[in-house]
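Please read this briefing alongside the sequence and the model. It is arranged by topic.

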Amino acid sequence: MVSRRNFISTAGLTTLAGVSGFEPIFAATKDKRPKPSGGGLKLSFVPHELTLKHTFTLANSSRKTTPDVLTRIEFDGMVGYGEASMPPYLGESIDSVSKFLSSLNLAQFKDPFRVEEILSYVDSVLPGNCAAKASVDIALHDLLGKIMGQPWYKIWGFKPETTPNTSFTIGIDTPEVVRQKVAEAAPYKILKVKLGMATDREMVETIRSSTDRPLCVDVNQGWTDKNKALETIHWLKEKGVVFVEQPMPKTAIDDIAWLTEHSPLPIIGDESVQRLPDVIKAKGVYNGINIKLMKCTGMREAHQMLTLAKSLGMKVMIGCMTETSCAISAAAQLSPKCDWADLDGNLLISNDPYSGVQVVDGKITLQDRSGIGLEIVQPVF
Ligand code: MG
C-alpha cells in the first residue's frame, strides 16, 4: 500500500513547498526516512602554483612557475586525487579552472563507476577547459582504482615491465646552464632538447660536448621553412637524435606532411594533436603523436587515443606538462603501451606534494598500488 507520505514525495508535489502558507508534509517528515548508504561524488579543489627548479624557456615563451590546481573526489569514505596544470599556451588559468570546477554538480552522481556518464557530463558543460576536465577525470580514475584495489595499468591489461625509458628535458639556456642541466640529468638514458631558436646547432653541440646519450628534439612549432627544417633534421640525425617533435606550426599541415615524407627521423605531432579526433587528422601528416592528459581531458580519452593511434600504425609518445607526481603517475599508467615517454614534469618542480611513479635507472617504474599509485608527502587539502 502506498502511504500518503510516499505518494506525495514520489508524485513530485514537494514543489508546493514554495507556495505561501502551504506546510509541506514531505519537508516535515523527510528527515525521519532512512538515509541512502552514500551520497553523490564530492569534488573539492585547491590552487597550488608549481615552482620550477630552472627558468623554463621554449621557442616562444619563458617562465619560472606554472599555475596548477589540485583536485580530490570523495565517495563513501574513499578519496581519489587529480590535477590541472596550465602552461600558458593552453589558455587556461587558476581562475578559469576554479570557475569550471565550481560550476560542476558531481553530487548528482551516486555511482562512481558510471564513468561514461560522469565524464560526458563534465565534457559537455563548456567547450575547451581540457586541463580542468582532466583534473576531474584523473581524480575519478584514482578513486575507482582504489575502490577496485587495482592500479590502472593492470585494469587496462598492460605489462608493467614494458614501460619505456623517460626522457629528461633540457630547456633552451646559456651553454654553462645547459651543461649543468645535462650533469643533473645523469640518471636518464635519453635527453629531450628544446629547439626552435637561432642557437639550435650551438645548443645540440653544447649537449654533445657533455654526453653521447640519445637525444630527442622538440621544436615547439619553431621552424618556419620546410627545406631548412629538413636540412637541420639530417644534421640532427648525424648527432644521434632519434625523433623530432612538432617541427613547424600546427597550421602548416602540407609542409609538415612533406617533411615527414622526406625526413630520415620520425616526426611526432604534439601541439597539432590534442583530442581523439585529431589522431585521425594526424595520420599521413605525422609518424606519431604525443598524448598529454592536460590536452585530451584525462586518462579515459588518452587511453582511447593510444588505442586508435596504435590501430592506425602510428608511434605514440606519452608526454606531460610541468605537473606534480599526481598527473605524472596517472599518465604513467599508459606508458607500457607507448613507444616513448616524456614524463619528467614532476622532476622539474620543487614543491611536489605527492610521490608516485618512480624513474629507476632511467626507466618508468610502476608500483603495485591501487588507482594511480600516489602517496601524500605534503598534505594540501
Ligand atoms: Mg612538445
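This is a predicted model: local features need pLDDT of at least 70, side-chain atom pairs count only at pLDDT 80 or more; totals for chains, interfaces and linings use all residues.

Residues are numbered from 1 along each chain as its sequence is written, and side-chain values use heavy atoms, with hydrogens and water left out.

**Magnesium site**
- D218 (OD), E245 (OE) and D270 (OD) coordinate the magnesium ion at 2.1 to 2.2 Å.
- Donors are N, O and S atoms within 2.8 Å of the metal (3.2 Å for Na, K and Ca); water is not among the atoms, so sites may look incomplete.
- Along the chain, the donors of the magnesium ion have the spacing D-x26-E-x24-D.
- E245 is in strand β9 (residues 241-245) and D270 in the loop between β10 (267-269) and α11 (276-282), so the pair ties together parts 25 residues apart in sequence.
- Strands (E, at least two residues) and helices (H or I, at least four) are DSSP runs, numbered from the N terminus.
- Both E245 and D270 are buried (under 20% relative accessible area, with exposed over 50% and partly exposed in between; 1.4 Å probe, protein chains only).

**T71**
- T71 lies in strand β4 (residues 68-75) and is buried, with a relative accessible area of 0%.
- The side chain of T71 reaches the backbone oxygen of S135 at 2.8 Å.
- Residues in contact with T71 (heavy atoms within 4.5 Å) include L43, F45, Y81, L101 and F381.

**M148**
- M148 belongs to helix α5 (residues 130-148).
- M148 is partly exposed, at a relative accessible area of 37%.

Methods: A polar contact is a pair of N or O atoms within 3.5 Å; within protein, one must be able to donate a hydrogen and the other to accept it, and residues adjacent in sequence count only if both atoms are side-chain atoms. Lists of a residue's contacts leave out its neighbours within four places in sequence.
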